[in-house]
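Hello,

Here is the structure you asked about. My notes follow below it.

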Amino acid sequence: MPERTESESRKLLGRLRDTLAEDSAGQERLDRITHIIADQMGTDVCSIYLFRDPETLELCATEGLNQEAVHQTRMRIGEGLVGRVAKSANPINTPDAPSMRGFRFMPETGEESFSSFLGVPIQRLGDRLGVLVVQSKDARTYTDDEVYALEVVAMVLAEMTELGAFIGEGEALSARHTRQELFRGGIAQEGATEGNVYLHEPRVVVTNPIADDPHAELKRLNEAMDSLRSSVDQMLQSMGKTTDKEQVKVLEAYRMFANSRSWVRRMEEDIALGLSAEAAVEKEQSATRARMEQVPDPYLRDRLHDLDDLSNRLLRLLTGQGADTGAEMPEHPILVARNIGPGELLDYGKKLRGIVLEEGSVGSHAAIVARAWAIPLVINAKRILTEALNGDHILVDGDQGIVHLRPEDAVAAAFRDKIAMQTQAQERYASIRDKPAETICGKVISLHMNAGLMADLPSLEGSGAEGVGLFRTELQFLTRSRVPRRSELATIYGSVMSAAKGKRVIFRTLDIGSDKVLPYMKPTEEPNPAMGWRAIRVALDKKGVMRMQLQALIRAAAGRPLSVMFPFVAQFDEFREARQHLLSELEREKKMGHVLPSKVEIGTMLETPSLAFAPKQFFELADFISIGGNDLKQFFFAADRENERVRKRYDTLNVSFLTMLEMIATRCAETDTPLSFCGEDAGRPVEALCFAAIGMRSLSMRPASIGPVKSLLRRSNLDEVKSVIDEARGNGAQSVRPAVIKWLTGQT
Ligand code: PEP
Ligand code: MG
C-alpha cells in the first residue's frame, strides 16, 4: 500500500478520534465525521446510513447531499445501491452509479448530480450496522487502496457505534443493545422460561480502535501471534496419539491459519492504515463472519468457523479479556452460546433456567442433557450472540422456538400469563401424581420416565413415574475423555438403583455411533452413520466394552433385581447373542464370588422395522420389548430424524405406522411379552392416547410429560378412541390425527 495512502488514512482516523473525544451529541458527531471523511478523501459527498430496524436503512448524516433528506430518506435492505451494499456486506464501487443495476434515484437527496459511488458496509462481527458512502461528480473509479481505507474507516465507525458514540434521537440513533429483539429458532426442549442472559463466552470489547504508533501495534500483533501459534502447537502436542481425527483436523486448521501469511498481512495493512492491533483482528473477523453467512459449503463454513475461533483467541490475548471475564451469573440465568458441549453444560448444572444456542441440533448431546433436565432449549437462534449482553432480560419459548430479548412490558406480561397457565397445569398434574393412569373404560397404563443422568432420579418421585423405562447409559461415556472404568460405572449404576428406591430401572446398554460419537472412539468414515456401525453392532463386534458394562451392571445390582435391554437390535440372532453374553457374565461373576442380582430380566429395544417381523420365538425369548419410536420411525419412513426438512413430513399417527405399532402390540400380547414405548412420542398426549387405544399398556417418557399424558388418559375412553382410529383408517385417511383431535375437541 502506498505510503501516502497510509499516512492519509492515519490522519483521517486521528481526526475521527479527536471528534470522538469531544463532548458532543451523537448527531453532531456524525455530521462532523461525514465532513471530515469527504474532506480528507477529496470527495463531494460522504453519507452515513444506519439501520433503524433490521430491514430499513436511514440516512443519518451527510456532507454534500440535501440536509433535508437526513432522517427522511430510507430504503429497505437490498433496495438501491446502498441497500445492496448492506445486503451483500460487500463494497460497491462504480464510476457511473445511475447506470448500475438496482440504482434507485432519491430526488429529495439531490444525488442526481453525482456520478461515482463507493459504498462499504459498516459491520461488526456479523452484526450489520449500516453503510458508509462517498460520491463524486466526476466519473472516477476509486482505487483498491481507497476502498480499503474506507473499509477501515467503516470499521472504526462500527466500533464507535458499539461504544454508543452516536446515540441521539430517533430509532436509527437509539442506543445499541437496548431494543426489543425477536429470534426464531428451532425447538429442542419445550417449556417457557424467563430470566437474564448469561453469555457462555462474553464478547471482547475493543475500546481503542485507533492507534497512533503502527510500529508498536505491529509489535503487539506479532507477540500475540507468537503466543497463539505456540498455544496451538501445545494443544496439538498434548493430543499425543489421540485417535480423534476430527479434533486433530480442527487443530491442524488452527495451525494453518495461525501461520497464514495472507491473514497476518491483511491485519498488518489495517494497522498501517491506523487501526489498533485488536481493531485489525476484529475487522478481519467481521469480514470472515460476513463470508460465513454466504458460504453454502459446510466444509468451508467449518473452516471459516475455525478462523473465527482463532480470531477470538487472538483478541483475548491482545485485550487480556479472558473467557472468564468475572461477570457474575445473574439471577435466573439463561445461557446464551454459539454452541456448547455436554460436558460444559453439565458443569453449569441445573442452575440454568434456559438455554439459547446460535447453532446446535436437536440430536446433539447438549440437547439430550437439556431434555433430561427439562431445561427449555432453543437452537439456531441466528444473530443472538451479536445482540445479547450479559444480564439482558430474556424470554425463552421452547414450545415455539421463539426468544424475546429485552422484551417490552406487554410482551413480558403476556409471556408470564403463559408461564402461569403452564404452572397451573403443573399443579393440576401434581394433584393426580399418586393416582393411576386409569382410563374411563378401566384400562390402566403404566407410565415410566426416561433418564440418563444421576441428576434425573429425583424426578422419579416428583413426576409420579412408576420406574425408569429407559436409562440411556451413553451419557456417562459421552461426557468423559476416556472409556469410564468398570468400578466407576458400577458406582453410578448402583447409585441410580438406590435413588430409585426399589422402583424398576431398565438400563439400556451403550448406544453409540450415528450422532453419538465418543470423543475417544476411533472415528469410522461411514456414508450413512444412522444406518451404520452403531449400538449393538459395535457391541457384538467389539465385545470388551459391552462385557465390562454388563459386569458393572451385575455388580451394581448386588442382590437387587436387574433389568437390561439392548439397543438397535435388527434380527433375532443379535438379541440371542447379546443375551447369551449377559448370561455368561452372570456365570463369570458368580464364579468370582460376586453377589448376583435377585432377578434378571433381559429385553430389547425394537427400533428397526425388521424386528417387528421376527419369528415368534424371538418374542418368546425376550423378557420385555421397548419400542424406540425415534429410530423406528426414521427407518419406517426412510426420513432422517436429524434432518429438519424431512423429519416433520411424516406423522407418527400416520395409518401405516400406527398399524405396524398395533401389529407389534398384538404379537407381544400373543406371547405375553411385556411391551412399552420409550421414544419421544410417548410423551405427547395425543400420541400416547392412540398408543394406548391400539393396545399398549406401558409408556416411558420425559418426566415433565407424565402429568399431561396421565391427565388425558384419565379423561378418555380407549374403546371410543379405538373406534375413531378404525373409522379414520376405514375412510382412507393418511393420518388418524385430525379425526382424533376432532373427537377430543368435541369431548371438551
Ligand atoms: C428411540 O430411538 O426411540 C430411542 C428411545 O433411542 P434414542 O433416542 O436414544 O436413539
Ligand atoms: Mg434409538
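A residue is near a molecule if one of its heavy atoms lies within 4 Å of it. By that rule, 14 residues surround ligand 1, and the closest are Arg472, Arg508, Gly628, Asn630 and Arg641.

This is a predicted model, in which local features need pLDDT of at least 70 and side-chain atom pairs count only at pLDDT 80 or more, while totals for chains, interfaces and linings use all residues. Residues are numbered from 1 along each chain as its sequence is written, chains are lettered from A and ligands numbered from 1 in the order in which they are written, and side-chain values use heavy atoms, with hydrogens and water left out.

By class, the shell around ligand 1 has seven charged residues (Asp, Glu, Lys, Arg), three nonpolar ones (Ala, Val, Leu, Ile, Met, Phe, Trp, Tyr, Cys, Pro) and four polar ones (the others, Gly among them).

Polar contacts (pairs of N or O atoms within 3.5 Å) to oxygen atoms of ligand 1 include these:
- a polar side-chain atom of glutamate 607, at 2.9 Å;
- a polar backbone atom of glycine 629, at 3.1 Å;
- a backbone N or O atom of glycine 628, at 3.4 Å.

The protein covers 98% of the 290 Å² of accessible area (Shrake-Rupley method, 1.4 Å probe) that ligand 1 has on its own.

Regards

Notes. Polar contact = N/O pair within 3.5 Å; in protein donor to acceptor, adjacent residues only side chain to side chain.
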